[in-house]
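Subject: Structure for your review

Dear colleague,

Please find below the structure that I am handing over to you. My notes on what was found in it follow directly after.

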Amino acid sequence: MTTSDVTIHEAGTPADRPLLEIRDLAISFKTGSGEVQAVRNAHLTIMPGETVAIVGESGSGKSTTALAAIGLLPGNGRVAGGQILLDGEDISNASEKRMIELRGNVIGMVPQDPMSNLNPVWKIGDQVRETLKANGRPSGPDDVAKVLAQAGLPDAARRAKQYPHEFSGGMRQRALIAIGLSCQPRLLIADEPTSALDVTVQRQILDHLDKMTTELGTSVLLITHDLGLAAERADKVVVMYRGNVVEAGPSLELLQNPQHPYTQRLVASAPSLASRRIQVAKQLGVSTEDLLASAEAVAGEPSMTEDVLQIQNLSKVFKLRSGFGKSTDFTAVDDVSFNVKRGTTTAIVGESGSGKSTVAQMVLNLLEPTSGKIIFDGVDTSALNSKEIFAFRRRVQPIFQDPYGSLDPMYNIYRTIEEPLRVHKIGDKASREKKVRELLDQVSLPQSTMQRYPNELSGGQRQRVAIARALALDPEVIICDEAVSALDVLVQAQVLNLLAELQSRLGLTYLFITHDLAVVRQIADHVCVMEKGKLVETGSTDDVFDAPRQDYTKALLHAIPGARLMLPPEVA
Amino acid sequence: MKTNHKAEHFVAPVEETPLLATDAVKTDDAPLSLWADAWRKLRRRPLFIISAVMIALIIVVAVFPGLFTQVAPDNGCVLSNSNGAPTEGHPLGFTFQGCDIYSRIIHGTQASLMVGVFSVICVLIIGVTFGALAGFFGGWVDTFFARLGDIFFALPIVLGALVITQLPFMRENRGVGTVVLVLVVLGWPQMARITRGAVIEVRNADFVTAARSLGVSRVGSLVSHVLPNALAPIIVLATMELGVFIVAESTLSYLGIGMPGSVMSWGNDISAAQASIRTNPAVLLYPATALSITVLSFIMLGDALRDALDPKSRQR
């Protein structure tokens with residue numbers, strides 16, 4: 001099996017032979033409770049030069065399938081059946097020696113998290129050299145610089161001498177791409193290569209990856225959770241669900257004509273696609289209101305025009321310690337002003353470091369503004385005494401990003417939701433329990449969830465518990481700080497629908513902090529775009545999306561994956 | 001081998017992977033808290049079972065020494081029995097003074113265990129309070145407690161104990177209380193450090209911010225959210241320190257600055273056995289073995305607890 005030479009990629013292969021073919025692959029993991037099947041009947045084909053995307057939610061087996069192809073399954077996992085054919089050679093049970101020959105040279109890999117996949121004590125250049133050396137390629141400083149320059153790192157020779165902490169997230173991802181492509185493999189496995197990056201950076205990186213792989217004729221196996229991104233970047237899309245391949249085909253055809261119910265569900269709720277559909281529909285003259293009927297149907301609130309929140313010239317300066325006794329000022333939020341109307345959703349959009357979360361913290365009165373005012377319902381919140389702040393907390397509630405961090409793991413769900421009632425001394429034990437049951441109903445969780453602990457729930461369920469907790473005090477304003485960013489698309493859609501439904505039923509006002517413009521389009525009435533602490537553009541969602549005035553906004557809009565796709569404007 | 005380049009549109013039969021409701025809640029198996037989960041893991045670990053049985057036995061011995069021996073440990077000493085071999089009713093033989101070794105070990109358990117338990121309780125009260133305040137509030141509070149802790153940390157325990165026990169007040173009141181005092185004064189910084197680290201890890205968690213925005217006060221969130229989540233390493237350290245303090249008591253008694261000779265303790269017995277170690281090693285070996293087993297049990301329990309309470313093993 002391992003008789004063929006390493007120079008497999010130089011041997012002439014017929015153009016119609018698949019580079020990678022996975023047939024009936026089954027992968028199982030040994031766990032404490034016996035053997036668990038992670039992947040069954042997986043099959044996919046990648047032709048030379050082709051880009052194939054595997055799409056699926058977390059736990060669907062998409063990464064496991066890709067790891068099996070490069071022979072890097074975790075120690076307790078094994079290929080239980082089927083074949084992985086690399087250019088005709090079955091590598092599903094190849095020896096470790098053969099796999100080492102293939103890795104880097106024939107199959108390259110770009111891992112998911114740029115923050116943890118570079119060794120912090122090695123210079124970037126050394127990490128590239130290691131790969132080159134391991135595959136017997138010239139590895140002088142010039143070769144290293146060339147590889148980095150090809151990945152789009154400016155000033156590569158100097159950059160090679162720097163350490164990972166001196167690089168931004170996007171630059172680290174470029175370095176990882178450089179390492180993955182340094183030996184010009186024939187197949188590149190990119191496992192969520194951009195999910196940790198801002199949208200504009202994501203776009204740049206993917207564009208560059210496209211360009212490089214096209215030039216080199218490299219096939220790409222792209223793993224992603226974003227169907228819009230997959231369809232835009234790949235020739236073929238493979239949809240995985242619960243360890244099975246449920247649908248596969250040319251990407252556009254699959255999007256326009258999804259057959260499997262799971263794919264249909266995915267196509268209907270992927271935010272990037274939904275956002276695109278609205279745009280297409282608009283061009284055809286369908287109004288946004290009809291499309292987003294559920295999200296926009298605000299119950300007849302009499303005070304729709306009243307500004308419940310007024311942010312005036314808000315600034316926040318942090319003092320950063322720089323050396324002994326010295327400090328430099330860092331302006332996180334710079335002269336931001338906007339108003340939030342009662343019963344509407346206002347989104348603050350920006351990339352990481354734009355100061356959007358700092359604004360949220362100040363509105364929640366958890367952080368003192370350096371200057372400027374936050375006026376809630378006619379009262380300046382900075383002038384409140386501790387008793388008034390306590391009352392204010394009842395009326396403004398947060399929902400946080402990380403569903404794993406925002407619930408106390410020591411509290412069961414009942415105690416978690418009951419805590420605000422207890423803190424504010426509302427009702428007696430029986431009435432509080434009744435209220436908790438009602439709240440669980442409102443967020444459509446079974447009442448039996450009460451006795452469970454956060455670690456027994458999925459991310460989306462925890463987020464629904466967090467919503468129930470926020471609703472316990474019947475607040476008027478809810479601040480959602482990236483409340484759906486960490487969730488799988490379907491769960492995300494479910495939570496967004498829930499939020500919209502609660503808004504129409506309870507007349508809630510949302511301040512929605514997010515980096516995801518596609519989500520904004522689905523739920524927000526007004527948008528504030530922030531860049532580096534400054535508010536660069538505000539307006540109604542339609543105005544901002546249809547006629548962005550600032551270059552930055554345009555760049556953000558352009559970076560939504562799937563923006564170039566042609567989709568039927570059917571209502572999801 | 002497939003040769004057609006044109007990719008066909010493949011759809012798996014729906015029956016193969018039926019569509020489940022998005023994000024359905026598991027309603028089977030019973031709910032589990034952190035402690036219930038830890039208990040489930042613990043009760044199957046031999047390490048835990050052995051150490052727990054040993055500790056239970058030691059506690060019973062300490063509380064009811066009369067259940068295990070009828071022989072009075074000190075007033076029944078007959079010098080003619082000095083260094084005597086085991087006889088009927090005296091299974092481990094006699095000390096240099098002619099006292100029953102077995103009886104002395106049984107009755108000595110109480111003092112050793114008391115020192116350990118009281119020291120740990122006091123260390124927990126002081127160390128956890130200081131550590132939690134330092135970790136939670138940071139800034140100058142943190143600096144103050146950290147430096148204060150460093151001062152005590154820098155004192156070698158034996159040297160520090162020598163100095164402290166020579167204070168007039170301590171000399172006049174030697175007993176369990178003074179030994180505990182010495183151990184607490186020199187032992188709290190370790191606990192404070194661990195608590196501080198655990199609190200810092202938890203204090204920035206979103207659920208603490210969420211509690212604060214619900215209207216919980218800062219100190220309230222420290223008590224109701226931060227500390228319960230920082231408890232695991234504290235419990236592990238406390239268990240292990242219990243063993244360490246029992247050893248320390250013996251060390252101090254051995255050096256003559258621990259328990260007064262009138263109190264029966266393993267350390268005093270080991271100290272008294274110095275003289276006869278060549279002629280009758282059993283006098284030394286038996287109390288030393290009792291000490292080792294006790295300390296080992298607590299350290300083993302600490303180890304088992306550490307594994308069971310490890311948060312990394314808890315994600316599902």
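Where is the place of A:Leu367? The model is a predicted one, and in it A:Leu367 lies in the loop between helix H14 (356-363) and E14 of chain A. Apart from neighbours within four places in sequence, A:Leu367 is in contact with A:Lys316, A:Thr358, A:Gln361 and A:Met362. A separation of 10.0 Å lies between the C-alpha atoms of A:Leu367 and A:Ser382, which are 15 residues apart along the chain.

Strand E14 (residues 371-376) of chain A pairs with strand E11 (residues 307-321) of chain A in the antiparallel sense, over five bridges. Within this pairing, A:Ser315 has A:Ser371 in E14(A) as its bridge partner. E14(A) is also joined by two bridges to strand E15 (residues 379-380) of chain A, and these two strands run antiparallel. Here A:Ile375 stands opposite A:Asp380 of E15(A). E14(A) and E15(A) form a hairpin with two residues between the strands, in which A:Asp377 takes a positive phi near 50 degrees.

A helix of chain A also deserves attention. Helix H6 (residues 169-181) of chain A has 13 residues, which at 1.5 Å a residue should span 18 Å; the end C-alpha atoms are 18 Å apart, in agreement with that value. Because 12 of the 13 residues of H6(A) are buried, this helix is largely enclosed by the rest of the structure. Among the buried residues are A:Met171, A:Leu176, A:Ile177 and A:Leu181, and also A:Arg172 and A:Arg174. The buried residues of H6(A) pack against strand E6 (107-110), helix H3 (124-134), helix H4 (141-150), strand E7 (187-191) and helix H7 (199-216) of chain A.

For chain A as a whole, there are 22 helices and 20 strands. Of its 572 residues, 50% count as buried. Of the contacts in chain A between residues at least 6 apart in sequence, 71% join residues at least 24 apart.

In chain B, helix H2 (residues 46-63) and helix H3 (residues 101-137) pack at an angle of about 105 degrees, and their axes are 7 Å apart. That angle makes H2(B) roughly perpendicular to H3(B). H2(B) contributes B:Ile58, B:Val61 and B:Ala62 to the contact, while H3(B) contributes B:Ile106, B:Thr109, B:Gln110 and B:Leu113. By class, the residues of this contact are five nonpolar, two polar and no charged.

Finally, how many residues of chain B are in contact with chain A? There are 39, and they touch 57 residues of chain A. Strand E1 (10-11), helix H8 (206-213) and helix H9 (218-254) of chain B are the elements that give two or more residues to this side of chain B. H8(B) gives the most, with six residues. The side of chain B that touches chain A has 17 nonpolar, 13 polar and nine charged residues.

Yours sincerely,
A colleague

Conventions
Residues are numbered from 1 along each chain as its sequence is written. Chains are lettered from A and ligands numbered from 1 in the order in which they are written. This is a predicted model: local features need pLDDT of at least 70, side-chain atom pairs count only at pLDDT 80 or more; totals for chains, interfaces and linings use all residues. Helices (H or I, at least four residues) and strands (E, at least two) are DSSP runs, numbered from the N terminus. The expected span of a helix is 1.5 Å times one less than its number of residues. A residue is buried if 20 or more other C-beta atoms lie within 10 Å of its own, exposed if 12 or fewer, and partly exposed in between; C-beta atoms are placed from the backbone. Two residues are in contact if their C-beta atoms, placed from the backbone, lie within 7 Å. Axes are lines fitted to C-alpha atoms, for helices over the stretch in contact, and angles run from 0 to 180 degrees between N-to-C directions. Angles under 35 degrees count as roughly parallel, over 145 as roughly antiparallel, 65 to 115 as roughly perpendicular and the rest as oblique. Ala, Val, Leu, Ile, Met, Phe, Trp, Tyr, Cys and Pro count as nonpolar, Asp, Glu, Lys and Arg as charged, and the others, Gly among them, as polar. Two strands pair if DSSP finds at least two bridges between them.
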